[in-house]
Every structure is written in C-alpha cells, then in structure tokens.
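Okay, thanks everyone, let's get going. I'll talk about helix packing and then move on to pockets.

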Amino acid sequence: MTISIASDHGGYEYKEEIKKHLIEKGYQVIDRGTNSLDSCNYAEFALKTAEDVANKNADFGVLICSSGEGVAIAANKVKGVRCGIGYNDTVAKLLRGHNDANMISFGALYMDLKDVIRRVDIFLTSPFEGGRHQVRVDTIKNYENF
C-alpha cells in the first residue's frame with residue numbers, strides 16, 4: 001500500500017515521525033513536503049498529496065499542519081478526495097467506516113504525536129462498511145460530477 005504524506009512547517013516534525021513509522025510498517029511512502037521548519041504555504045503541499053490520492057498514485061493520504069483544518073480544506077477541493085480531521089480514535093475509524101475517507105489530517109499543535117500515529121494506524125486498517133453509508137458516499141461522489 002502506498003501512502004502520500006505532507007505537512008506545512010507546523011506539522012513538519014510530526015510528518016517526519018509518521019513517515020518513519022509508516023516505512024517501518026512496510027508501507028510505500030510518497031513525501032510531498034515540506035522539508036523544513038521554514039514558513040510555507042500549506043495548501044501547496046496538501047494539494048500535491050490530494051492529487052496523488054485522486055490520481056491513484058497513492059491509496060491514502062496523511063496531512064499535518066498546526067490545526068489540521070487548512071490542509072483538510074485544501075485537500076477536499078480535489079475531486080475524489082474525502083478528508084477529515086482525525087481528532088480522536090473513534091473519528092479516525094469512522095472516517096473510513098462511514099465516510100470511505102481516503103485522506104486524514106491532524107493538528108500538531110493540538111494532538112500528541114503518539115495519538116496521531118495510533119490514529120494513522122486505525123485509519124489505514126479500518127474498512128469501509130458500505131451498506132447505508134454507501135448511499136451517502138455516492139451522494140457526495142455524484143455531486144462532484146455537476
């Protein structure tokens with residue numbers, strides 16, 4: 001499985017640790033930046049990661065900024081992407097199970113790294129439940145075609 005990952009300067013240190021964790025678990029990782037703590041434009045990196053997911057170059061995407069909000073908003077502008085903030089373990093699971101999300105974001109200023117890594121694992125190993133949730137996901141997918 002291939003995971004595309006990116007952050008801005010606020011999430012850079014978490015990105016590096018998450019990337020190491022994913023590689024240790026056997027995932028292929030595409031790192032879309034940033035590559036330092038220097039101030040940068042979060043949208044640029046979030047959009048590159050979202051394009052990887054939308055174009056099927058990656059199975060899932062992980063984004064980190066200070067709050068998790070900006071990168072999620074940017075990613076959700078890319079057709080075919082469903083990204084939510086993994087603010088607790090249950091939500092990380094439900095993003096996959098109920099929403100068939102293909103990206104997850106985190107806020108490094110408001111979450112502990114160990115919690116974020118656990119939630120990445122939960123997200124990546126939780127299946128989409130389909131059923132009644134499929135209708136809702138299809139509504140979102142169909143809206144993108146207008």
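This is a predicted model: local features need pLDDT of at least 70, side-chain atom pairs count only at pLDDT 80 or more; totals for chains, interfaces and linings use all residues.

Residues are numbered from 1 along each chain as its sequence is written, and side-chain values use heavy atoms, with hydrogens and water left out.

Helices here are DSSP runs, H or I, of at least four residues, numbered from the N terminus. Axes are lines fitted to C-alpha atoms over the stretch in contact, with angles from 0 to 180 degrees between N-to-C directions. The crossing is right-handed, as in the near helix being turned clockwise from the far one by less than a right angle.

Who touches whom? From H1 you've got Tyr 14, Glu 17, Ile 18, His 21 and Leu 22, and from H5 the partners include Leu 113, Val 116 and Ile 117. Contact means heavy atoms within 4.5 Å. By class, that's eight nonpolar, one polar and two charged. Ala, Val, Leu, Ile, Met, Phe, Trp, Tyr, Cys and Pro count as nonpolar, Asp, Glu, Lys and Arg as charged, and the others, Gly among them, as polar.

Next up, H4 (residues 89–97) with H5: axes within 8 Å, crossing at roughly 25°. So H4 is roughly parallel to H5, and this crossing is right-handed too. Asp 89, Ala 92, Lys 93, Leu 95 and Arg 96 in H4 meet Arg 118, Arg 119, Ile 122 and Phe 123 in H5. Here it's four nonpolar, no polar and five charged.

On to pockets. The largest holds about 200 Å³ of space, and its lining includes Val 53, Lys 56, Asp 59, Arg 82 and Glu 144. A pocket is an open set of points on a 1 Å grid where a 1.4 Å probe fits, with protein on both sides within 12 Å along at least five of seven lines, and lining residues have an atom within 4 Å of a point. That lining has three nonpolar, two polar and five charged residues.

The second largest pocket holds about 170 Å³, with Arg 82, Leu 95 and Glu 144 among its lining residues.

Key:
Grid points are joined across faces, edges and corners, and a volume is the space filled by probe spheres set on the points. Helices (H or I, at least four residues) and strands (E, at least two) are DSSP runs, numbered from the N terminus. Angles under 35 degrees count as roughly parallel, over 145 as roughly antiparallel, 65 to 115 as roughly perpendicular and the rest as oblique.
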